Amino acid sequence: MSEIEKYIAPEEVAEAVEALGTGGVTIVAGGTDLTPQINEGRCHYEPTLMNIQRIEELNRISLTDGEIRIGCLATVSEIWYNDIIIEHADILCQTANCFASDQIRNAATIGGNICNASPAGDMIIPLLVLGASVELASWKEGAMEIRREPLDKFFKGPGKTIRNENELLVAVIFDKPSADFIGQFRKSGPRPALEISTVTVGIGGDLKDGKLENVRVAFGAVGPTPLRGKATEVALEGQILTEDIISNAAAAAQKDASPIDDIRATTWYRNHLIAVFTEELLNNVC
Amino acid sequence: MSVKTELDFTLNGRPVNIEVPVDMTVLNLLRDALDMKGTKYACGEGECGACTIEVDGTTINSCLMMAVDLQDREVMTIEGMQTGHMLHPMQQSFVDHGAVQCGFCMPGMIVQANYLVKKNPDLTREEMKRGLEGNVCRCTGYTKVLDAVAAVVGAKG
Amino acid sequence: MSEQVAFQHIEKTSLIGKRIKKPDAPAKAMGKTRYINDMVLPQMLYGKILHAGRPHAEIISIDTSEAENLAGVHLVITAKDTPELRLGFVKDNAPLKDRVRCERDEVAAVAAESEAIAAAAIKLIKVDYKDLPGVFTVEDSQKKDAPVIQEHFPDNKSLKFEFKHGDLAEAEAKSDIILDDVFNVHLVTHCCMGTSCAIADFDHNGKLTIYSQTQYPYNYKMDLAPALGIDAGDIRVIQPPTGGSFGAKLDVYPFEPVAAILAQKTGRPVKILFDREEEFINSPTRQPASMHLRSGCTSDGILTFRAADVVMDNGAYTSWGATVPVIMMRTTSGHYRVPVVDFKGQAYYTNNSYAGSFRGYGNVQMTYATAQHMDMFAERLAKDHDLDPIEFRLKNAQKSGEVTPQKSYLRECALAECLTTAAEASDYVAKLNKYAAEREQKGRYKHGIGLASSIHNAGGAKIHKSDGCGTILKMDDYARVTVITGASEIGQGIDAVIGQIVAEELGVPPEHVTLVNNDSDLGPWDVGVHASRTTFIAGNGARRAAIKAKKQILAAASKQANVTAEELDLRGGYVVQDKDGAVVTRLDKMLRQMHFQPEPDVVMVSDYYEPNSEPEGRDHISDHSAAYSHAVHIAEVVVDTLTGEVKVEKVTMAQDVGRVINRMGLEAQMEGGLAFGLGFALSEEMIFEEGRLKNPNFRDYKVPTAPEMPDLDIHFIESDCEEGPYGAKGIAELPTIVIAPAIANAVYNATGIRFFNPPMTPEKVARAIWEKKNS
């Protein structure tokens with residue numbers, strides 16, 4: 001049995017980051033992933049339990065200088081009902097609508113969803129489509145140091161990221177999408193939300209004069225991490241969404257994906273769905 | 001044993017001061033430490049909603065939340081809904097519409113239904129279904145639950 | 001007061017058919033109800049079981065020393081401590097095992113001062129296993145060199161059932177159409193919201209009080225006693241409120257005697273409560289079955305025969321689950337008029353988990369097959385012989401007074417009315433033809449409509465020599481009634497129904513009736529909540545007891561009022577003149593007068609109601625239920641042909657309920673029963689790999705949630721069952737039984753594909769559609 005020797009609940013980011021620097025810290029926020037993982041023995045408590053929920057500045061959502069910043073403690077519900085997000089990044093709202101249940105949306109934080117690094121982590125998909133980066137804060141020589149990393153470079157495997165143990169993911173940031181931006185998200189059912197995704201697809205880009213530009217595509221639950229659909233992006237970039245282009249994109253999506261068989265779905269079904277969803281989203285757009 | 005910490009919060013309108021192990025969940029705090037057994041354990045991982053409570057006016061699964069995070073917060077459990085011996089209108093509606101069978105999921109279901117109606121007094125039946133998606137009931141097939149919530153919404157409208 | 005009302009008249013009114021609230025609902029809605037899961041007894045210890053977690057192994061050694069030395073641990077036990085104790089339907093199971101036959105097997109158990117200590121202690125027990133080759137399919141179980149799972153059953157054969165009626169060869173020769181298909185029904189589990197729990201407590205005389213979720217309290221004593229080596233008379237069963245049951249609590253499971261053994265040896269009360277994962281792995285399932293069904297019919301649409309060869313995976317131990325062919329064969333021989341029947345059922349031991357009883361009891365399985373064969377006949381006959389699909393079914397629908405080959409006597413049969421009511425209400429035939437025509441047209445979303453029906457026992461099921469229920473009724477000096485009944489309350493609402501029936505007879509408000517039914521030391525015998533029997537059997541018993549009480553009161557009143565008892569009635573808390581309702585006296589006053597007269601008389605009556613049915617014999621030829629009932633479901637679905645998602649939009653249900661007693665409770669049973677069948681049809685499936693359950697959680701075992709529920713259009717057909725209370729029949733299983741094949745038939749109508757192996761998950765449906773398109 002792992003035992004917690006110390007409990008801290010800092011109110012300032014710097015305090016939290018400094019504590020992380022000493023090592024042996026378990027971070028808890030909404031608890032929606034941590035608690036079941038502890039119960040199932042999939043992870044163990046470090047000697048220090050740090051509750052970061054009291055750091056007020058970490059749940060803010062802001063738009064400054066063309067940049068949208070979501071603090072790591074913003075819950076899925078808060079994101080869904082935030083005016084900035086509703087106006088500029090509706091794809092996040094679409095995803096929130098498909099996320100778990102009301103009670104979990106009220107507790108689950110965006111930072112937790114990212115750091116848990118599940119290949120099926122729903123909120124990661126729209127953020128990849130939005131070209132988001134994460135801010136990682138660490139304690140260096142008596143001061144806080146922050147590095148920014150693009151989200152599509154953040155994941156290394158199921159539950160694994162490039163975040164060092166001494167780093168706190170403080171925010172996720174993306175450029176305010178242009179007025180022409182369209183973003184679409186799709187998740188497998190049949191339940192509307194209370195499902196661990198077997199496949200998720202997100203597609204976004206600027207739709208100008210019928211052409212899709214600056215395309216970003218992301219897939220969930222079809223590889224060891226949530227991933228960018230690079231071949232699909234190439235198939236779509238600068239194109240008018242004709243029937244041919246859409247079916248090319250669907251074929252490219254299957255190349256981008258490398259799904260596995262598990263109890264939730266076979267490789268066949270995941271490959272099948274990824275094409276179906278890619279086509280469906282592109283048809284929604286045009 | 002994990003280290004303990006002192007905790008102050010408000011439970012159903014009354015202050016609570018208690019020392020808790022820091023790895024304790026809110027559900028265990030309520031059920032085991034405070035003997036508030038109205039809130040139920042049924043899955044322990046946020047998939048069934050039987051342990052739903054309100055914290056600072058928002059519903060959460062108490063099996064997933066750490067007790068230490070209740071510091072300075074206001075908690076409402078199923079036991080906090082009634083006034084004296086009078087059932088809350090949502091509780092009464094569940095009784096009147098036959099929504100209670102074995103009843104095990106009902107505390108969580110009623111707390112969640114009440115939250116949904118508070119948040120949106122014009123709730124539609126489809127929105128009710130979505131709002132109750134995280135509350136599993138094995139007896140009723142949900143129909144009478146939705147009737148009960150609809151009656152409260154109708155009464156308000 | 002009494003002087004003023006002396007001139008009042010009280011009209012005769014009836015509670016029957018009204019909406020009666022469940023008396024225990026307010027406390028449950030307020031969170032006040034203390035379920036067994038919530039109970040803590042003074043000095044109570046917490047028990048925890050070490051399960052094998054492997055399917056087949058020898059136990060070489062068990063080292064419990066570290067667990068025993070953990071602070072707070074009182075006792076650790078293994079099979080060595082319980083050598084002779086047996087349990088189960090054929091006594092092939094034991095509280096603790098000396099050899100592992102399935103993942104669930106109980107290897108050791110601890111009693112400790114807290115749940116956390118007990119859980120920690122379990123992890124300290126070291127077991128040295130020698131894994132053995134496992135048997136995970138019925139096919140492997142039958143192989144000549146298959147590993148033997150139970151020493152007393154060297155051929156791995158468990159229970160066997162057979163029923164034959166008529167000349168099969170002749171019937172086949174007469175048949176113009178013969179269908180021949182294999183249906184495989186998968187593993188599902190009850191998922192009671194309250195996880196399994198037992199609290200055992202011995203007194204100084206060695207008498208066990210066990211707080212249990214059983215739905216079968218009196219037989220439970222008999223089943224539990226051999227697992228403890230004590231006399232059944234020394235067991236008292238208390239049934240605190242329980243979080244669902246649905247058949248799961250008909251068998252005794254090893255954790256219950258384990259709790260009792262721990263309590264016996266420690267001298268302290270011991271509670272065992274499962275967490276959800278333990279619940280999934282160690283609970284009963286619905287009996288899985290492979291059903292090879294052959295059905296014949298003439299070109300005129302007359303059924304000629306049914307032959308069913310059912311092979312069942314018994315799992316490692318024989319439970320009530322493996323007895324489901326008793327009901328399966330009633331469906332084979334009684335679901336429509338079947339002149340020739342050949343039924344075979346055989347269960348084989350494997351190293352898989354084992355079943356239990358489950359709402360629908362064999363009929364969920366068999367109706368999935370027979371109702372699809374009926375639909376396949378209907379389609380062929382419509383196409384080739386222009387026979388209307390409802391007309392075809394009506395031709396074969398039994399009528400009142402018919403007797404099935406197994407001698408089920410269908411005294412009041414409303415199948416035809418169920419068929420026409422549901423078909424008209426849903427515009428079935430027009431939609432069926434329209435959707436079939438649209439099937440091959442372009443379009444991603446396809447609509448489908450499907451009809452299924454079935455028959456089920458509705459007046460108990462006499463699987464024991466007696467299928468009766470005892471009732472004790474007393475009235476106090478304030479006209480409050482206490483009913484002590486053998487019938488258990490597991491959430492289904494017998495509390496409301498008995499209150500309603502007794503209030504109806506005694507002319508008192510239902511709130512003035514208190515039900516006592518949770519203590520085997522108080523209650524008279526009953527054979528449990530199962531077989532849709534409780535309203536019928538316990539309801540009849542309560543009514544008969546109330547009528548006795550009423551007679552006693554009216555006899556006393558008639559002396560006082562100088563009229564005959566027949567001229568009096570009880571209404572609204574008064575004794576009144578039957579003809580005009582003129583008040584004679586207040587009921588409470590009357591009861592006090594009886595009590596305090598020179599020859600004192602208090603109302604205390606009892607009744608043992610035995611239904612008019614015959615025991616199920618070895619030949620399976622008997623009228624084993626006092627009533628039978630039918631239901632028809634018509635499901636309307638939309639199939640996403642790309643994702644394979646099946647959305648059930650609406651279900652029209654028509655069921656012969658005999659007579660509506662508590663309308664609200666009846667609707668609730670229909671809706672909840674349907675939800676069970678919906679999950680079985682579409683989403684619920686226990687996924688086993690080599691005997692190990694891979695989805696022991698609500699994430700991956702998907703019970704229906706609110707958004708998945710269809711709109712329901714419920715029609716109650718009242719056939720007025722002569723034997724039932726006020727004409728009522730038992731109702732609670734048919735809604736679960738009929739819906740799955742209705743959905744399967746609707747999916748066929750939408751896609752042209754038959755799903756012989758439920759559940760119809762999105763992947764399975766999508767794959768079948770894709771393969772059909774690309775073949």
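Helix H10 of chain C crosses H11(C) in a right-handed manner. All of this comes from a predicted model. On the H10(C) side, the contact is built from Ile327(C), Met328(C), Thr331(C) and Thr332(C), while H11(C) brings in Asn363(C), Gln365(C), Met366(C), Thr367(C) and Thr370(C). Sorted by class, that makes 3 nonpolar and 6 polar residues, with no charged ones.

Over in chain A, helix H1 (residues 13–21) has a set of buried residues: Val13(A), Ala16(A), Val17(A), Ala19(A) and Leu20(A). These residues sit on the same side of H1(A), because they cover an arc of only 160° around the axis. Their cover is made up in part of strands of chain A, including S1 (6–8), S2 (25–28), S3 (48–51), S6 (133–140), S7 (143–150) and S10 (168–175). After H1(A) comes Gly23(A), with a positive phi near 85°.

The backbone also has a few spots worth a look. As background, most residues other than glycine have a negative phi, and most peptide bonds are trans. Ala117(A) has a positive phi, near 55°, and is not a glycine. Ala117(A) belongs to the loop that links helix H7 (110–115) to helix H8 (124–129) in chain A. Ala117(A) counts as buried because 22 C-beta neighbours fall inside 10 Å, against a cut-off of 20 or more. In chain C, Tyr726(C) also has a positive phi, of about 60°, without being a glycine. The loop in question runs between strand S30 (711–717) and H19 of chain C. Tyr726(C), too, counts as buried, because it has 20 C-beta neighbours inside 10 Å.

Then there are the cis peptide bonds. One joins Gly189(A) to Pro190(A), with omega near 5°. Pro190(A) sits in the loop between strand S11 (181–187) and strand S12 (200–208) of chain A. Another cis bond runs from Pro758(C) to Pro759(C), with omega near 0°. In this case Pro759(C) is in the chain C loop between helix H19 (734–751) and helix H20 (762–773).

Note on methods
Residues are numbered from 1 along each chain as its sequence is written. Chains are lettered from A and ligands numbered from 1 in the order in which they are written. This is a predicted model: local features need pLDDT of at least 70, side-chain atom pairs count only at pLDDT 80 or more; totals for chains, interfaces and linings use all residues. A crossing is left-handed if the near helix is turned anticlockwise from the far one by less than a right angle, and right-handed if clockwise. Helices (H or I, at least four residues) and strands (E, at least two) are DSSP runs, numbered from the N terminus. Two residues are in contact if their C-beta atoms, placed from the backbone, lie within 7 Å. Ala, Val, Leu, Ile, Met, Phe, Trp, Tyr, Cys and Pro count as nonpolar, Asp, Glu, Lys and Arg as charged, and the others, Gly among them, as polar. A residue is buried if 20 or more other C-beta atoms lie within 10 Å of its own, exposed if 12 or fewer, and partly exposed in between; C-beta atoms are placed from the backbone. The arc is that of the directions from the helix axis to the C-beta atoms.
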